Amino acid sequence: MHITLRAALAGLLAFAALPVVAAEHAFTLHNNLTKPITGFKVKGGEVSGFKQIGAGKRVTFTVIVPGSECAAAVSARVGESRRDGRVNLCDQGGYVLTPAEGGTKFLPLSQVMLVR
């Protein structure tokens, strides 16, 4: 039994040493608000190449998340407040942060008609 316990522990340690696979996504965000978006975060992941997004502007940047999941919890900094939402990082069309009934929302660009 002692040998079996050692083998099981060795297997667990070997599994723990394996690197976590990460997925990199090009993410497009359009600002449909009157104030600039000054920050962007993804829960459990990293954001690279983000630059402030002025009102009516669109920027594409890189989001890296562990695993191969497409769904992600995100937050954007607008002025002194934070806007939280969920997005599908695999959606190639991008998202818009826009005023909506019940507050500001992240919506797929494919579902929104932008008028300026």
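This is a predicted model: local features need pLDDT of at least 70, side-chain atom pairs count only at pLDDT 80 or more; totals for chains, interfaces and linings use all residues.

Biologist: Which residues touch the most other members of the largest nonpolar core?

Modeller: That core has 22 residues, and Phe27, Leu29, Phe40 and Phe106 touch the most other members. The elements that give two or more residues to this core are S1, S2, S4, S5 (71-78) and S7.

Biologist: How do I read a pair of aromatic rings?

Modeller: Two values describe such a pair, the distance of the centres and the angle of the planes. Searching the whole structure gives seven aromatic pairs. One of them is Phe27 with Tyr95, a stacked pair at 5.9 Å centre to centre and 20° between the planes. This pair links distant parts of the chain, with Phe27 in strand S1 (residues 22-31) and Tyr95 in strand S7 (residues 95-100), 68 residues apart.

Biologist: Are Phe27 and Tyr95 buried or exposed?

Modeller: Phe27 has a relative accessible area of 1%, and Tyr95 has 6%. Buried means under 20%, so Phe27 is buried, and Tyr95 is buried as well.

Biologist: Why is the pair of Phe40 and Phe50 called stacked?

Modeller: Planes under 30 degrees apart count as stacked. The planes of Phe40 and Phe50 lie at 20°, with ring centres 6.4 Å apart, so this pair is stacked. Phe40 sits in strand S2 (residues 37-42), and Phe50 in the loop between strand S3 (46-48) and strand S4 (58-66), 10 residues apart. Phe40 is buried, with a relative accessible area of 8%.

Biologist: Which residues form one aromatic cluster?

Modeller: Phe27, Phe40, Phe50, Phe61, Tyr95 and Phe106 form one cluster.

Biologist: What does S4 pair with?

Modeller: S4 pairs with S1 in the antiparallel sense over nine bridges. Within S4, Val59 is the bridge partner of Leu29, and Val65 is that of Ala23. S4 also pairs with S3, again in the antiparallel sense, over three bridges; here Ile64 in S4 is the bridge partner of Glu46.

Biologist: What is the strand order of the open sheet?

Modeller: The order is S3-S4-S1-S7-S8, five strands with mixed pairing. S3 and S8 (103-108) are the edge strands, each pairing on one side only. From one strand to the next, the twist averages 35°.

Biologist: Now the overall picture. How many helices and strands does the protein have?

Modeller: There are one helix and eight strands, and the sequence follows the pattern α-β-β-β-β-β-β-β-β. Of the 116 residues, 30% are buried. Among contacts with a separation of 6 or more, residues 24 or more positions apart account for 53%.

Biologist: And what does the surface consist of?

Modeller: The protein exposes about 7,700 Å², and carbon and sulfur atoms supply 57% of it.

Key
Residues are numbered from 1 along each chain as its sequence is written. Side-chain values use heavy atoms; hydrogens and water are left out. Rings of Phe, Tyr and Trp (its six-membered ring) pair if their centres lie within 6.5 Å; planes under 30 degrees apart count as stacked, over 60 as edge-to-face and the rest as tilted. Helices (H or I, at least four residues) and strands (E, at least two) are DSSP runs, numbered from the N terminus. Buried means under 20% relative accessible area, exposed over 50%, partly exposed in between (1.4 Å probe, protein chains only). Contact means heavy atoms within 4.5 Å. Accessible areas come from the Shrake-Rupley method with a 1.4 Å probe; for residues, only the protein chains shown count as cover. Two strands pair if DSSP finds at least two bridges between them. A nonpolar core is a set of buried Ala, Val, Leu, Ile, Met, Phe, Trp, Tyr and Cys residues joined through side-chain atoms within 4.5 Å. Axes are lines fitted to C-alpha atoms, for helices over the stretch in contact, and angles run from 0 to 180 degrees between N-to-C directions.
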